[in-house]
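Let's take a look around inside a protein model together.

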Amino acid sequence: MALDTGTGPIRNAADPSVVTPPIAKRVPAQRVHHGDVVVDEYEWLRDKEDPEVIAYLEAENAYTEACTAQLQPLRDKIFDEIKSRTQETDLSVPVRMGDFWYYSRSFEGKQYGAHCRCPIGSKDDWTPPTLEATTEVPGEQVLLDSNLLAEGHEYFAVGAYSISNDGNLLAYSVDTVGDERYVLRFKDLRTGAELADEIAGTVPDATWSLDGTHVFYQTYDEAWRSDTVWRHRLGTPNEQDVRVFHEPDERFSVGMDTTRSEKYLMIGVHSKITTEIRVLESDDPEGEFRVLLPRREGVEYVAEHAVIGGRDRFLILHNGEVPAPGGGTVKAENFVLAEAPVEDPAAMTTLVEHREDVRLEGVDCFADHLALSYRRGALPRVAVWPLTSGGYGELRELDFGLELFSAGVLGNPEWAQPTLRVGVTSYITPVRVFDYVPATGELLLRKEQAVLGGYDPEDYEQHRDWAIAADGTRIPISLVRRRDLPADEPNPLLLYGYGSYEASMDPGFSVSRLSLLDRGMVFAVAHVRGGGEMGRLWYEHGKTLRKKNTFTDFVSCARHLVDTGVTAPDRLVADGGSAGGLLVGAVANLAPELFAGILAAVPFVDPLTSILDPSLPLTVTEWDEWGNPLEDPAVYEYMKSYSPYENVRAVDYPAILATTGLNDTRVLYVEPAKWIARLRATSTGHSRLLLKTEMSAGHGGVSGKYEKWKEVAFEYAWVLDTLGLGDR
């Protein structure tokens, strides 16, 4: 049946409240790989320049709006709740850089914030000033007001925001489309004047040379891979920009940064499993970068400059071969920390040995101390290591007194600062910002996220549970709920998961989530394999030819929550976005009977089609994550066996809401569009299958805080209605 473009959903003449969904036409398109012939009837939806495609997406939007129109009062209520709980006019905790304190402002009634600074009191002043959002700040300078820059644009995002070492110049970039190609601009902070220099099509990043005469930036290739580093001399035409480095291998992307000491510039070249770093003294911006450690397939590393006992050193976190206890070598899956002389980085001495229960994740170097970031027991932690005249002092883990938490190092730009800025949060603990003083062991609270309306964390509880997967693996589940929720009956529950790229879904506070919890819902996170919560092997056992563990782990978590009486299938909604959308899409095929609803945001639900096409954005760089189905028949068959789109069945699916953005470059809108079209044509049930496309947004959804709150309110209202709580 062909789509009647432009009519939108069709209303029943006898009962106007009944609407019929748009039906996508079928245009058979054949693809053949490894002797397998596949006919895809909805591939025509890929051409977003086709007016018929746009008409179809708009018809889907109209249908979704018609089906959810009755939820508008609930959406408005949730939006108002988020707004009423949020301290809209606020300031971040200032961080010192050079002669200024830098901070950001947010404003009630405005979509975006502003970046500001004020002068320090003295060279020895490391205590951030206590600034009031409603009180004038002496000497304040507004460096960048996003509200002014966003005027006239439906979408707006700031990418790069980089201050030169002397504090005189700002490099910043903006995206007004949502496709993540930014325009890089420059501002003289002494006069407030915008410079004439402007560079289009850049990655959201910019790195200054030490003297502020040059800026390094990166550009994308046609597949949206950051592949080239350029050097721009301020005041010269873009045509004179120098290509500093180009990476021809399509599996690798490039990035650029400077060490905190400001002594070295670093180019990072990385695939999903291999790293190479190139370094250059930052006072010689026109010099030649040199390789720190040559790339070795399957070996990743990060490096920072430190001064240990008066000697320049590189501290290198790597997962290469290390001596095994019984002789020989073994791969340091969870990484080790090593020290090496800058003149011979390969001559490494291990400082922190490999442990199977601890995944080292980062090291931050300062003049007088180091900060080590790692995870143990599925929680991110921070330890501080003082530096002494003879080397290293005693490594001390920071203790925040919480069962479930996320701790991390925050913005600490200054090499010589005597404190360490850290943040901690949990599912029930609003974000707290501390300055830790290594010299005294003091942990000074600088700010706690304000939650208006009388929020009391004692009204809520969080805990960790464990499900058992089919292969016997214990899968952690985090749960948060109100304390007064009945414990002797199944409760409505939103189960979130991701499970890709070694990304960890760590505990974190959410103002908007309170609108679910206060309506009697439980929120849970299934920490499935493919993520990084339990170390590197947790990731390895949920990728490529073990990817199905991600999906079956999630099902095991859902079954555990049902079997233990926490929830019931008619009270359970699965939630995931991007690669998490792949997860919940696969789960919808595996166990549709377990869920009342599936919420899939920008979902990667047609992975085989995408990963088979090297011309699509980011495909080649993804082969290390999923495998290469173009060259390997086993990978092809495996991906085809779990792809949500390929495995749509004639069964009764849960209610499904898929959201996407027309300008998404990471997961193209066509994936959820095709998925919903095939589901609608194949499903034997009567559940509503909805597609909502933001016509001027990308992978991150709409821009502006109010628009984002409306987006959250729309999704939450759908979740509540799906579980029969739409009247709360």
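Start with the lining of the largest cavity: its residues split into 6 nonpolar, 4 polar and 3 charged. Keep in mind that this is a predicted model. That makes 13 lining residues, and V95, R96, Q417, T419 and R421 are the ones that lie nearest the centre of the cavity.

How many cavities of 30 Å³ or more does the structure hold? There are 2 of them. Here they are side by side:

| Cavity | Volume | Lining residues by kind |
|---|---|---|
| Largest | about 90 Å³ | 6 nonpolar, 4 polar, 3 charged |

Now hop over to helix α2, which covers residues 72-85. With 14 residues, α2 reaches 20 Å from its first C-alpha to its last, close to the 20 Å expected at 1.5 Å a residue. Which residues of α2 are buried? They are L74, R75, I78, F79, E81, I82 and R85. Look down the axis of α2 and these buried residues fall within an arc of 155°, so they line one face of the helix.

And what do the buried residues of α2 pack against? Their partners are three other helices, α1 (51-68), α4 (514-517) and α12 (705-722).

Key
Residues are numbered from 1 along each chain as its sequence is written. This is a predicted model: local features need pLDDT of at least 70, side-chain atom pairs count only at pLDDT 80 or more; totals for chains, interfaces and linings use all residues. Side-chain values use heavy atoms; hydrogens and water are left out. Helices (H or I, at least four residues) and strands (E, at least two) are DSSP runs, numbered from the N terminus. The expected span of a helix is 1.5 Å times one less than its number of residues. Buried means under 20% relative accessible area, exposed over 50%, partly exposed in between (1.4 Å probe, protein chains only). The arc is that of the directions from the helix axis to the C-beta atoms. Contact means heavy atoms within 4.5 Å. On a 1 Å grid over the protein atoms alone, a cavity is a set of points where a 1.4 Å probe fits but cannot get out, and a pocket is an open set with protein on both sides within 12 Å along at least five of seven lines; lining residues have an atom within 4 Å of a point. Grid points are joined across faces, edges and corners, and a volume is the space filled by probe spheres set on the points. Ala, Val, Leu, Ile, Met, Phe, Trp, Tyr, Cys and Pro count as nonpolar, Asp, Glu, Lys and Arg as charged, and the others, Gly among them, as polar.
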